[in-house]
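Hello,

Here is the structure I promised to pass on. Please have a look at it first, and then read my notes below.

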Amino acid sequence: MAKADIQTLDDIKLMVDTFYGRVQEDDRIGPIFNSKLEGRWPIHLEKMYTFWQTILLDEYTYQGRPFPPHAQLPIGVEHFERWLQLFDKTVNDLFEGPIAEEAKSRGRKMAALFQIKLDHIRQSPFKPLL
């Protein structure tokens, strides 16, 4: 059976809830997310709904800056690779179409940008100006 594309906020919520459900269970990145977000998962998920709604549906509901909360996390290339594996699998399992492809593309770009920023912060002798 053909899958539909990402079209509505309910689709975004399904993607986000499924993805972060998998993240929480994951041996590699689950402990990092769970220790940081313990007791605050609902708040994080709400933020992710608005983030992806803004990016994929052009409905401007997200307010914030995605990078600063990640700046102090103990994460490296292997964590970003695992995040992308889980994210791509989630999107592929649930959806098909140009917006689904855009979601995966944006995930890859974001991961690359976050890694560049983290490397810069870690190599700089100055305190980061987040």
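**The cavity and the rings around it**

The search gives one cavity of 30 Å³ or more. A cavity here is a set of points, on a 1 Å grid over the protein atoms alone, where a 1.4 Å probe fits but cannot get out; lining residues have an atom within 4 Å of a point. Grid points are joined across faces, edges and corners, and a volume is the space filled by probe spheres set on the points.

Before the details, some ground rules: this is a predicted model, where local features need pLDDT of at least 70 and side-chain atom pairs count only at pLDDT 80 or more, while totals for chains, interfaces and linings use all residues. Residues are numbered from 1 along each chain as its sequence is written, and side-chain values use heavy atoms, with hydrogens and water left out.

The largest cavity has a volume of about 30 Å³. Its lining is made up of Met-15, Val-16, Phe-19, Tyr-20, Trp-52, Trp-83 and Phe-87. Two or more lining residues come from each of α1 (9–25) and α4, and α1 has the largest share, with four residues. Helices are DSSP runs of H or I of at least four residues, numbered from the N terminus. By type, the lining has seven nonpolar residues, no polar and no charged ones (Ala, Val, Leu, Ile, Met, Phe, Trp, Tyr, Cys and Pro count as nonpolar, Asp, Glu, Lys and Arg as charged, and the others, Gly among them, as polar).

Now to the rings: the whole structure holds nine aromatic pairs (rings of Phe, Tyr and Trp, its six-membered ring, with centres within 6.5 Å; planes under 30 degrees apart are stacked, over 60 edge-to-face, the rest tilted). Phe-51 and Trp-52 make an edge-to-face pair, at 5.3 Å centre to centre and 85 degrees between the planes. Trp-52 also pairs with Phe-87: the centres are 5.1 Å apart and the planes at 25 degrees, so this pair is stacked. That pair links distant parts of the chain, with Trp-52 in helix α3 and Phe-87 in helix α4, 35 residues apart. Trp-52 is buried at 3% relative accessible area, and Phe-87 is buried at 2% (buried is under 20%, exposed over 50%, partly exposed in between, with a 1.4 Å probe and protein chains only). Ring pairs join Phe-19, Tyr-20, Phe-33, Trp-41, Phe-51, Trp-52, Trp-83 and Phe-87 into a cluster.

Asp-58 sits in the loop between α3 (41–57) and α4 (77–94) and is exposed, at 53% relative accessible area.

Best wishes

How values were computed:
On a 1 Å grid over the protein atoms alone, a cavity is a set of points where a 1.4 Å probe fits but cannot get out, and a pocket is an open set with protein on both sides within 12 Å along at least five of seven lines; lining residues have an atom within 4 Å of a point.
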